[in-house]
Amino acid sequence: IEAYIKKKRALADGVVGDGDEEKKKMDDDDDEEEEGLDAEKLQKVVHLMFERCYADSEYGHALGVAFEARETDKVREILDQCASSHADNATLVQETLRYALDASMTLVTSKSFRSDALGIVAGHLQKMFDAPTGTAAHRSAAVLLCRCHQLLAQAKPVSDIVSSLLDGSEDDALLGLQLCFDLVDSGDQNYVNAVADKLPKKVASSSLGGVES
């Protein structure tokens with residue numbers, strides 16, 4: 001698995017290739033180990049590892065490998081697999097998405113890969129948020145989705161979420177107000193202004209502390 005992660009990360013960084021001189025700079029011991037592994041056999045072992053993770057619902061472990069290897073397609077595959085296999089278990093799906101969101105901030109140093117991963121997570125959270133309103137899953141998805149879009153510096157989706165919540169049930173409206181308070185408390189005034197600018201003026205003035213849009 002370590003050899004797989006090393007190879008995939010090197011490919012993501014544009015380091016490994018046939019005859020690539022940069023390959024010579026890699027640690028000699030690690031090179032010998034990797035060169036001793038048949039590429040097809042390595043891929044098969046990793047594939048079986050992922051399949052075992054899917055069978056055991058160990059999506060966090062699979063995501064850890066995918067994040068370490070910086071494999072955007074594998075992150076998408078894992079989250080798709082989790083969502084399709086556990087459509088009736090919103091809690092598990094959201095826990096997996098929360099893990100992916102946290103991992104993108106703690107395990108990833110590449111800004112481009114982080115943005116791609118967060119975009120995939122946001123897509124799944126949006127589907128959960130678009131599900132029937134008034135449920136706990138709907139509201140918890142809203143919280144994670146706002147956090148995800150804030151990390152991506154995307155204001156419009158957050159303003160849409162807040163507006164939708166404020167137009168919903170009493171519990172939804174209270175959550176919408178709480179999200180506004182959380183945004184103000186985040187200390188990112190530029191982002192708060194950007195969100196407020198895209199909210200209906202009445203909502204912006206009452207929910208975001210009088211921030212003018």
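View 1. Arginine 70 is buried, its relative accessible area being 15%, where buried stands for a relative accessible area under 20%, exposed for over 50%, and partly exposed for what lies in between, as computed with a 1.4 Å probe on protein chains only. The residue belongs to the loop between H4 and helix H5 (72-85), helices being DSSP runs of H or I of at least four residues and strands DSSP runs of E of at least two, numbered from the N terminus. Its phi is positive, at about 55 degrees, although arginine 70 is not a glycine. Most residues other than glycine have a negative phi. The model shown here and in the other views is predicted, so that local features need pLDDT of at least 70 and side-chain atom pairs count only at pLDDT 80 or more, whereas totals for chains, interfaces and linings use all residues. Residues are numbered from 1 along each chain as its sequence is written, and side-chain values use heavy atoms, with hydrogens and water left out.

**View 2. Serine 57 in the loop between H3 and H4.** Serine 57 sits in the loop that runs between helix H3 (39-55) and helix H4 (59-69). Although serine 57 is not a glycine, its phi is positive, at about 60 degrees. With a relative accessible area of 28%, serine 57 is partly exposed.

View 3. Asparagine 89 is placed in the loop between H5 and H6, and its relative accessibility of 31% makes it count as partly exposed. A polar atom of the asparagine 89 side chain lies 3.1 Å from the backbone nitrogen of leucine 92; a polar contact of this kind is a pair of N or O atoms within 3.5 Å, of which, within protein, one must be able to donate a hydrogen and the other to accept it, while residues adjacent in sequence count only if both atoms are side-chain atoms. Asparagine 89 and alanine 137 are 48 residues apart along the chain, and their C-alpha atoms are separated by 9.8 Å.

**View 4. Threonine 96 within helix H6.** Threonine 96 is part of helix H6 (residues 90-106) and counts as buried at 7% relative accessibility. Its side chain reaches the backbone oxygen of leucine 92 at 2.9 Å. When neighbours within four places in sequence are left aside, threonine 96 is in contact with Tyr59, Leu63, Leu79 and Cys82, contact meaning heavy atoms within 4.5 Å.

**View 5. The packing of H6 against H7.** H6 and helix H7 (residues 111-129) pack at an angle of about 160 degrees, and their axes are 9 Å apart; axes are lines fitted to C-alpha atoms, for helices over the stretch in contact, and angles run from 0 to 180 degrees between N-to-C directions. H6 is therefore roughly antiparallel to H7, given that angles under 35 degrees count as roughly parallel, over 145 as roughly antiparallel, 65 to 115 as roughly perpendicular and the rest as oblique. On the H6 side, Ala90, Val93, Gln94, Leu97, Ala100, Leu101, Ser104 and Met105 meet Arg114, Ala117, Leu118, Val121, His124, Leu125 and Met128 of H7. Sorted by class, this contact of H6 with H7 has 11 nonpolar, 3 polar and 1 charged residues, where Ala, Val, Leu, Ile, Met, Phe, Trp, Tyr, Cys and Pro count as nonpolar, Asp, Glu, Lys and Arg as charged, and the others, Gly among them, as polar.

**View 6. The packing of H8 against H9.** Helix H8 (residues 136-151) and H9 pack at an angle of about 155 degrees, with 9 Å between their axes, and the two helices are therefore roughly antiparallel to each other. His138, Ala142, Leu145, Cys146 and His149 of H8 make the contact with Pro157, Val158, Ile161 and Leu165 of H9. By class, the contact of H8 with H9 has 7 nonpolar and 2 polar residues and no charged ones.

**View 7. Leucine 165 in helix H9.** Leucine 165 lies in helix H9 (residues 155-166) and is buried, with a relative accessible area of 0%. Leaving aside neighbours within four places in sequence, the residues in contact with leucine 165 are Phe129, His138, Ala142, Asp172, Ala173, Leu175, Gly176 and Leu179.
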